[in-house]
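This report covers the salt bridges of one protein model. The sequence and structure come first, then the pairs in turn.

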Amino acid sequence: IDIKIIEDTISNPEQIVSEPKGLKVAQNKFFDKKLNKAYVIRVIFREEKDIRIGITTYKTSKAKKYWR
């Protein structure tokens, strides 16, 4: 996943979902032109003061499962 996509997702998410243990997930929809397929980019992060610290990221085609 391109770093620019990750940075955009954590900085300007279309959705933020709360998870257990104080973690949050920033989510954006993404269309991969090479694969001709839609994905959800998920960046798991924690907030310290006003800073978002990314823990991990992945893309998934299971939008119905994760998009709220």
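## Salt bridges in the model

A salt bridge here is a side-chain nitrogen of Lys or Arg within 4 Å of a carboxyl oxygen of Asp or Glu. The model is predicted. Searching the whole structure by this criterion gives four salt bridges. Side chains of opposite charge can pair when their charged atoms come close.

## E47 and K24

One of the four salt bridges pairs E47 with K24, and their closest N and O atoms are 3.0 Å apart. Because E47 belongs to strand β3 (residues 37-48) and K24 to strand β2 (residues 24-32), this contact ties together parts that are 23 residues apart in sequence.

Both partners are partly exposed: E47 has a relative accessible area of 39%, and K24 has one of 27%.

## E47 and R52

E47 also forms a salt bridge with R52, where the closest N and O atoms are 3.6 Å apart. Through shared partners, K24, E47 and R52 are joined into one network. R52 is partly exposed, at 32% relative accessibility.

## R46 and E48

Another salt bridge links R46 to E48, with 2.8 Å between the closest N and O atoms. The relative accessibility of R46 is 33%, which counts as partly exposed. E48 is likewise partly exposed, its relative accessible area being 37%.

How values were computed
Residues numbered from 1 in each chain as written. Predicted model: local features only at pLDDT ≥ 70, side-chain atom pairs only at ≥ 80, totals over all residues. Heavy atoms only, no water. Helix = DSSP H or I, 4+ residues; strand = E, 2+ residues; numbered from the N terminus. Buried < 20%, exposed > 50% of the residue type's maximum accessible area, 1.4 Å probe, protein only.
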